[in-house]
Protein chains: 2
Amino acid sequence: MELTERKKKILRAVIESYVRTAEPVGSKTVQEQADMNVSSATIRNELADLTEQGYLEQPHTSAGRVPSPKGYRLYVNELMEEQRLSLEETRQINQAMHLKMQELDKVIDQAGRMVSQLTNYPAFAVTGNARRITIRRFDLILVDGSSFIAVVMTDNSVVKNKLIRLPLPLDLSQPQIQLLTTLLNSSFSGKTLDELTPQLMRVAEHAAGNAYGLISLVVSFAMEVLEDLEHSAVYTAGTSHLLDHPEYQDVGKAQRLMSYLSQEESLARSLSLPALGDDSTKILIGPENVADELKDTSVVLASYDIGDGLKGVIGVVGPTRMDYAKVAAKLSYVADGLSKLFGQPELPPGIPEEKEDS
Amino acid sequence: MELTERKKKILRAVIESYVRTAEPVGSKTVQEQADMNVSSATIRNELADLTEQGYLEQPHTSAGRVPSPKGYRLYVNELMEEQRLSLEETRQINQAMHLKMQELDKVIDQAGRMVSQLTNYPAFAVTGNARRITIRRFDLILVDGSSFIAVVMTDNSVVKNKLIRLPLPLDLSQPQIQLLTTLLNSSFSGKTLDELTPQLMRVAEHAAGNAYGLISLVVSFAMEVLEDLEHSAVYTAGTSHLLDHPEYQDVGKAQRLMSYLSQEESLARSLSLPALGDDSTKILIGPENVADELKDTSVVLASYDIGDGLKGVIGVVGPTRMDYAKVAAKLSYVADGLSKLFGQPELPPGIPEEKEDS
DNA sequence: TTTAGCACTCGAGGAGAATGAGTGCTAAAG
DNA sequence: CTTTAGCACTCATTCTCCTCGAGTGCTAAA
């Protein structure tokens with residue numbers, strides 16, 4: 001049952017006014033807002049219809065109308081105009097996007113913070129999701145007789161290192177290190193976390209001849225790395241922005257949501273489920289959320305490509321009264337930025353130019 | 001002008017009751033709480049004295065008394081008993097203290113979160129403060145013809161790495177990498193951030209013969225690393241805990257403080273000032289804080305040693321009504337834990353034992 | 001110096017009453 | 001059949017007014 005054009009126009013007017021003011025909107029307001037040349041009475045009739053069909057709700061009999069989740073849904077699907085970011089806004093985002101450190105998780109954390117600041121809502125960012133990761137190779141760098149740096153590279157090209165100091169000084173030599181490296185690589189490269197069994201490690205230790213546990217030191221570091229990579233990390237930012245919005249003037253409500261948001265695991269769970277299908281952005285309105293705690297909030301998600309076919313998710317949480325168009329636009333702009341960042345692996349950052357004349 | 005024993009006892013009773021209940025405490029309550037065998041009238045007289053001397057305040061004429069910052073100060077300095085953590089508590093902390101990843105900033109971040117959870121207040125952690133850091137050495141690991149891993153080690157034994165992919169494939173060979181490494185080390189090791197001038201880089205590039213910018217790629221990575229290390233990072237956690245406490249039922253108040261806490265720079269600034277003198281822990285009560293935004297909150301700080309003579313700070317923010325004894329105890333326990341963690345550089349984590357029978 | 005007694009203060013909380021935005025319905029007009 | 005003017009009605013919000021009671025300060029006696 002399609003809505004008439006006029007009904008749509010009215011619904012849209014209601015939503016846009018409500019999003020701006022957070023006040024229930026009445027027939028008169030609609031009349032003015034969407035310059036309609038019908039009387040308020042007519043609009044009242046239409047509003048009554050829309051309410052009956054479930055697109056609007058009435059907090060109480062003598063109040064104006066408020067969009068229902070169903071109303072927002074229709075709005076998002078059909079009525080909403082794609083929001084173009086202003087030049088000023090893109091400039092602002094681009095500028096913030098010049099992230100310093102290349103470390104993957106820091107970049108993603110930063111992106112989350114940025115989105116939160118940009119939208120005035122809490123935001124979160126999830127790093128690319130689980131997959132079996134394997135070790136590609138080991139390298140050991142001798143520092144001095146009693147310490148060396150272990151470098152582990154995984155098959156998704158993440159490189160981590162750790163400085164390993166030996167409990168007792170035992171005067172490692174370069175050839176020894178060399179040998180150890182070869183052994184490590186031949187025994188453990190290509191292996192997943194599960195495959196790094198204590199048995200395997202013992203065998204390798206044995207083969208290494210020296211039983212000082214060097215092998216296991218390095219391998220358990222590698223295990224930490226793999227473990228860390230396979231767990232997708234969640235970063236949240238700007239939860240305090242919740243308090244900016246009138247729907248969270250109630251401290252109890254705000255607190256419940258905030259503490260939910262700070263539980264990373266739960267967030268991660270509720271985000272892996274609606275997994276965005278193939279869409280690059282998705283809007284979940286109120287009860288469309290799986291998690292009970294989010295039943296009266298909306299979530300806007302955008303996915304970004306980390307190379308290697310993996311995707312991460314970045315998103316915003318807020319009241320259902322949200323400027324979906326704007327939020328979605330900003331979010332996907334940032335997500336695209338991230339994709340590009342990871343896509344073009346190495347743009348030479350260039351030497352920071354000192355001011356030079358001529 | 002010293003207070004009489006009785007006055008002290010009363011002050012202490014007032015504070016401890018107020019900390020528990022958040023309600024102004026009256027003469028009767030004091031009488032019961034600190035089993036004093038004087039009448040409430042006597043206590044009223046004493047309370048009046050204490051109020052006049054500024055240790056207590058009266059929200060309004062017909063309410064009980066509330067400790068003033070000066071009152072808390074006296075309490076903290078003289079009256080407060082060192083709180084011993086219960087076995088249960090230390091067990092809990094110790095358990096949480098088994099941090100996986102050794103990455104310095106992650107550990108510190110984690111510690112902050114832990115403290116917040118432990119105390120039910122927002123917490124923050126600051127990494128060891130600025131100092132001129134120099135590069136100790138470079139290592140390059142050849143991955144394939146068009147990419148290599150750059151490893152930078154600084155003089156405070158931090159090791160960072162980055163996978164560098166060349167913009168154009170140019171078939172690097174091991175000897176070339178070797179050469180490059182030597183060149184990097186001879187030109188740049190021992191240098192601080194400031195000394196890594198473009199001039200120096202150009203010279204090195206020139207010396208390298210190949211102008212493909214490899215040198216500058218690696219060096220600018222090193223610069224990022226140095227920059228990152230010299231800026232002390234601030235981590236905050238658990239800001240939403242503010243809402244747990246009745247003094248922040250007022251959303252406006254909560255919001256102001258929360259957004260202050262999420263501005264890392266300001267936090268860092270207000271924390272470097274009161275720099276803890278030599279004490280390992282410090283309590284700042286209400287107006288003793290420098291920052292206006294903290295004038296009616298208290299901050300408990302503890303410092304921890306990152307090796308190398310450097311110190312970091314970890315702390316808790318909350319209303320002046322705070323269980324200082326407990327918070328300080330927990331905080332310094334964690335801070336000590338951190339110090340130990342950094343102090344004994346490498347306790348071999350051991351192979352994760354699989355359940356083995358006998 | 002302590003205590004009992006008592007008048008007093010003042011915030012918290014609740015009951016009404018006034019306000020007014022916005023509705024639904026009816027009946028007339030287009 | 002649709003639109004509109006008119007009007008009675010509803011109900012959250014706001015304000016005022018009042019009561020209640022915890023806790024005080026003061027006085028006078030012990």
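Begin by selecting helix 3 of chain A, which gives the largest share of the surface near DNA strand D, namely four residues; helices (H or I, at least four residues) and strands (E, at least two) are DSSP runs, numbered from the N terminus, and a residue is near a molecule or strand if one of its heavy atoms lies within 4 Å of it. This is a predicted model, in which local features need pLDDT of at least 70 and side-chain atom pairs count only at pLDDT 80 or more, while totals for chains, interfaces and linings use all residues. Residues are numbered from 1 along each chain as its sequence is written, chains are lettered from A and ligands numbered from 1 in the order in which they are written, and side-chain values use heavy atoms, with hydrogens and water left out.

**DNA strand D**

Next, show the 21 residues that surround DNA strand D, the closest of which are A:R6, A:S39, A:T42, A:S62 and B:S27.

**DNA strand C**

Now select DNA strand C, which is surrounded by 20 residues, with A:S27, B:S39, B:T42, B:T61 and B:S62 the closest. Of the atoms of DNA strand C that come within 4 Å of the protein, 78% belong to sugar and phosphate. At B:T42, a polar side-chain atom lies 2.4 Å from a phosphate oxygen of DNA strand C, while at B:S62 such an atom lies 3.1 Å from a base oxygen. Helix 3 of chain B gives the most to this surface, with four residues.

**The sheet in chain A**

Finally, turn to chain A and colour the five strands that form an open antiparallel sheet in the order 7-3-10-9-8, where two strands pair if DSSP finds at least two bridges between them. Strand 7 (234-237) and strand 8 (281-284) stand at the edges with a single partner strand each, so one side of each is left without a neighbour in the sheet. Strand 3 (residues 123-126) is joined to strand 7 by four bridges, and there A:V126 stands opposite A:V234.

Technical notes: Polar contact = N/O pair within 3.5 Å; in protein donor to acceptor, adjacent residues only side chain to side chain.
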